[in-house]
Amino acid sequence: MKDCRQFCLIQNEKNIKNRKRKRLPETVMKLSEIHKKKKNVLSFEIFPPKKDEELKNIDKTLEILCELNPDFISVTFGAGGSTNNNKTIAIAKKIKETYHVEPVVHLTCLSYDRAEIDRFSKELAFEGICNVLALRGDRNPNVPEKSDFAHASDLISYLKQTSDFCVAGACYPECHPESAGRVEEMRHLKTKTDAGAEVLLSQLFFDNNYFYRFVEDCRIAGIDVPVTPGIMPVINASQIKRMVTLCGASLPQRFEKIIHKYENSREALFDAGMSYALSQIIDLLANDVDGIHLYTMNNPAVARKICEGIKHIV
């Protein structure tokens with residue numbers, strides 16, 4: 001795994017050096033600028049398919065997503081040794097050059113050192129990608145951790161010193177699963193924004209009251225950057241149970257009843273899950289949030305249904 005990762009990184013660096021023509025500068029829009037120009041920022045998240053043959057189908061997904069005129073699309077990034085990282089950059093490049101939508105590349109740091117982050121940064125900069133979501137990354141017993149970056153704030157600080165990226169950070173309305181409590185959560189989040197995070201994208205949640213209290217706590221703590229809520233429509237019961245376990249989001253009683261009643265009917269759960277997500281989003285927009293970040297799970301039908309439901313609202 002280590003050899004594969006080093007090969008990919010070295011190959012990327014060689015590809016940049018061997019290109020004889022310098023890429024012409026393209027129009028770029030940093031997330032901070034997008035938020036200054038528009039109140040209700042709409043964005044989607046996608047992930048690179050694991051299988052190479054599935055990468056060909058990403059065009060169909062991107063086509064539909066980009067028709068919905070998002071302000072940006074974020075693309076997830078793997079842990080150390082993941083072969084999907086090259087796909088992340090390729091997809092981000094396609095989003096920008098083919099569909100003329102601003103990409104945001106997730107960049108994890110727990111299993112990378114400074115030299116590896118420098119290589120990724122050079123590749124992104126060469127491709128004209130100027131927005132990064134800086135993350136620590138999940139711990140994985142199969143992937144060794146490195147000592148250069150212990151926290152996302154370390155990566156944010158380093159990127160602000162060494163690049164011209166607009167750097168976004170992640171936040172957890174119900175606290176990070178490893179956090180000792182809300183006070184510690186706010187302290188760490190303030191460290192992120194002090195380090196240079198210009199926008200915050202939230203982890204999924206199912207009770208808007210958690211988000212409203214969270215934003216209020218952010219403002220009290222002196223965190224004044226845009227805070228965008230992340231919404232994941234439930235269309236698969238086992239999927240949402242897994243996600244909730246990973247991110248620590250709680251399930252309101254009303255939501256649990258929906259899952260319990262419709263989990264054995266794919267069509268019914270899709271309709272009920274989408275209705276719940278739409279009610280969340282409409283309430284958030286009515287309360288003047290900074291935007292909506294939709295976790296699409298690479299399902300364009302989800303994004304289309306949501307956008308149709310709010311087309312006269314945003």
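Reader: Leaving aside its neighbours within four places in sequence, what is Phe44 in contact with?

Author: In this predicted model, the contacts of Phe44 beyond four places in sequence are Leu65, Leu68, Pro70, Phe72, Ile73, Ser74, His293, Leu294, Thr296, Ala303 and Cys307. Phe44 itself lies in strand S1, which spans residues 41-46. Its C-alpha is 9.7 Å from that of Ile231, although 187 residues separate Phe44 and Ile231 in sequence.

Reader: Why is Phe44 called buried?

Author: The term requires a relative accessible area under 20%. Phe44 has a value of 0%, and therefore it is buried.

Reader: What makes Ser32 count as buried?

Author: The relative accessibility of Ser32 is 16%. The cut-off is under 20%, so this value qualifies as buried. Ser32 belongs to helix H2, residues 31-37. With neighbours within four places in sequence set aside, Ser32 is in contact with Cys166, Glu198 and Val199. Between Ser32 and Pro226 there are 8.3 Å from C-alpha to C-alpha, against a separation of 194 residues in sequence.

Reader: How do you know that the buried residues of H4 are on the same side?

Author: In helix H4 (residues 58-67), the buried residues are Ile58, Thr61, Leu62, Leu65 and Cys66. Because they cover an arc of only 120° around the axis, they lie on the same side of H4.

Reader: Which exposed residues does the face of H4 turned away from its buried side carry?

Author: That face carries Lys60 and Glu67. The term exposed applies to a relative accessible area over 50%. After H4 comes Asn69, with a positive phi near 55°.

Reader: What covers the buried residues of H7?

Author: The buried residues of helix H7 (residues 152-162) are Ala152, Ser153, Leu155, Ile156, Tyr158 and Leu159. Their cover includes strand S3 (102-108), helix H6 (114-126), strand S4 (131-135), strand S5 (166-171) and H8.

Note on methods: Residues numbered from 1 in each chain as written. Predicted model: local features only at pLDDT ≥ 70, side-chain atom pairs only at ≥ 80, totals over all residues. Heavy atoms only, no water. Buried < 20%, exposed > 50% of the residue type's maximum accessible area, 1.4 Å probe, protein only. Helix = DSSP H or I, 4+ residues; strand = E, 2+ residues; numbered from the N terminus. Arc of directions from axis to C-beta. Contact = heavy atoms within 4.5 Å.
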